[in-house]
Amino acid sequence: MEGIVKDKIIYFMRQFDVCTCGRCVNDTIALTMNGLLPKYIVTTPAAVDPLMSYYTNRLISDVTVEATKACMIVKDNPRH
């Protein structure tokens, strides 16, 4: 989940006009991750890309919901 969130978070932050400084990005990632169920995978390096693509397509709606919530929180309460 962390890889998917980190890959997509800047996109969501820009959509909601949230500051993209390092602190805000990390806060948004942390809040998003707290709202998602953990997904751990043990695999070979060669299998990472296909699995990431599969799980991104499967879980993007959950990530979108939690990232949207996190963006609103960070936008309203930046810690910088």
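Me: Is Tyr54 buried, exposed or partly exposed?
Reply: Tyr54 counts as partly exposed, because its relative accessibility is 45%, and buried would need under 20%. Keep in mind that this is a predicted model.

Me: Which aromatic pair does Tyr54 belong to, then?
Reply: The search of the whole structure turned up 2 aromatic pairs. Tyr54 is in one of them, with Tyr55 as its partner. Their ring centres are 5.0 Å apart and the planes are at 75°, an edge-to-face arrangement.

Me: And where is the other aromatic pair?
Reply: Tyr11 and Phe12 form an edge-to-face pair, with 5.4 Å centre to centre and 70° between the planes. Phe12 counts as buried, because its relative accessibility is 8%.

Me: Let's step back. How many helices and strands are there in the chain?
Reply: The chain has 3 helices and 0 strands. Read from the N terminus, the order of elements is α-α-α.

Me: What does the C-alpha trace span?
Reply: About 40 × 20 × 20 Å along its principal axes. The chain has 80 residues, and 28% of them count as buried.

Me: What share of the contacts join residues at least 24 apart?
Reply: Taking contacts between residues at least 6 apart in sequence, 77% join residues at least 24 apart.

Me: New topic: Thr28. Where is Thr28 found?
Reply: Thr28 is in helix α2, which covers residues 22–34. Thr28 has a relative accessible area of 0%, so this residue is buried.

Me: What does Thr28 touch?
Reply: Leaving out residues up to four places away in sequence, Thr28 touches Ile9, Met13, Ala70, Cys71 and Val74.

Me: Which residues make the contact between α2 and α3?
Reply: First, the geometry. Helix α3 is residues 48–76, and its axis comes within 8 Å of the α2 axis, crossing at roughly 135°. The contact is made from the α2 side by Cys24, Asp27, Thr28, Leu31 and Thr32. On the α3 side are Val63, Glu66, Ala67, Ala70, Cys71, Ile73 and Val74. By type, these contact residues divide into 8 nonpolar, 2 polar and 2 charged.

Me: Why are α2 and α3 called oblique to each other?
Reply: The axes cross at roughly 135°. Roughly antiparallel would need an angle over 145, and roughly perpendicular runs from 65 to 115, so α2 and α3 are oblique.

Me: Is the crossing of α2 and α3 left-handed or right-handed?
Reply: The α2 and α3 crossing is right-handed.

Note on methods
Residues are numbered from 1 along each chain as its sequence is written. This is a predicted model: local features need pLDDT of at least 70, side-chain atom pairs count only at pLDDT 80 or more; totals for chains, interfaces and linings use all residues. Side-chain values use heavy atoms; hydrogens and water are left out. Rings of Phe, Tyr and Trp (its six-membered ring) pair if their centres lie within 6.5 Å; planes under 30 degrees apart count as stacked, over 60 as edge-to-face and the rest as tilted. Buried means under 20% relative accessible area, exposed over 50%, partly exposed in between (1.4 Å probe, protein chains only). Helices (H or I, at least four residues) and strands (E, at least two) are DSSP runs, numbered from the N terminus. Contact means heavy atoms within 4.5 Å. Axes are lines fitted to C-alpha atoms, for helices over the stretch in contact, and angles run from 0 to 180 degrees between N-to-C directions. Angles under 35 degrees count as roughly parallel, over 145 as roughly antiparallel, 65 to 115 as roughly perpendicular and the rest as oblique. A crossing is left-handed if the near helix is turned anticlockwise from the far one by less than a right angle, and right-handed if clockwise. Ala, Val, Leu, Ile, Met, Phe, Trp, Tyr, Cys and Pro count as nonpolar, Asp, Glu, Lys and Arg as charged, and the others, Gly among them, as polar.
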